[in-house]
Amino acid sequence: LLVYGYIGAALLVFIVAAATDMLDGAVARRSGPTTLGAWLDPVADKLLLLTMFVVLTLPLPHLTHRIPLWLTVVVASRDLGIVL
């Protein structure tokens with residue numbers, strides 16, 4: 001959505017994704033985590049944040065403030081190090 005200039009819609013989707021992630025965590029704590037959920041949840045979290053950083057680093061003409069490339073590389077390297 002950000003690539004195509006729908007900034008408000010992109011923010012709304014990100015907020016909904018973050019809220020459903022919090023809700024998912026609350027449900028998992030109540031009902032007990034599954035093996036698949038214990039693996040998928042951190043992967044989904046990392047994909048959401050990494051995608052956000054990469055898109056906000058792109059030189060899009062409608063974004064007035066971009067995240068510096070070095071910061072995206074640091075975050076991606078940190079997440080890769082955690083996974084490895």
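Helices here are DSSP runs of H or I with at least four residues, numbered from the N terminus. The model is predicted.

**Exercise 1.** Find which helices each supply at least two residues of the lining of the second largest pocket, and which gives the most.

*Solution.* 
- Start with the space: the second largest pocket holds about 150 Å³.
- List the lining: D24, G25, V27, A28, S31, G32, P33, T34, G37, A38 and D41.
- α1 gives the most, with 5 residues.
- Sort by class: 4 are nonpolar, 5 polar and 2 charged.

**Exercise 2.** Work out how α1 and α2 are oriented to each other, and which residues meet.

*Solution.* 
- Take the axes of α1 (residues 7-31) and α2 (residues 35-57): they come within 12 Å and cross at roughly 160°.
- Apply the cut-off: angles over 145 degrees count as roughly antiparallel. Therefore α1 is roughly antiparallel to α2.
- Name the contacts: F14, A17, D21 and D24 in α1 meet D41, D45, L48, L49 and M52 in α2.
- Sort this contact by class: 5 residues are nonpolar, none polar and 4 charged.

**Exercise 3.** Describe the lining of the largest pocket by element and by class.

*Solution.* 
- Note the space: about 340 Å³ lies in the largest pocket.
- Go to the lining: 14 residues form it, with L2, A10, L11, F14 and M52 nearest the centre.
- Assign elements: α1 and α2 are those that give two or more residues. α1 gives the most, with 6.
- Sort by class: the lining has 13 nonpolar residues, 1 polar and no charged.

Key: Residues numbered from 1 in each chain as written. Predicted model: local features only at pLDDT ≥ 70, side-chain atom pairs only at ≥ 80, totals over all residues. Heavy atoms only, no water. Axes fitted to C-alpha atoms, helices over the stretch in contact; angles between N-to-C directions. Parallel < 35°, antiparallel > 145°, perpendicular 65-115°, else oblique. Contact = heavy atoms within 4.5 Å. Nonpolar A, V, L, I, M, F, W, Y, C, P; charged D, E, K, R; others polar. 1 Å grid on protein atoms, 1.4 Å probe; cavity = no way out; pocket = protein on both sides within 12 Å on 5 of 7 lines; lining within 4 Å. Points joined across faces, edges and corners; volume = space filled by probe spheres on them.
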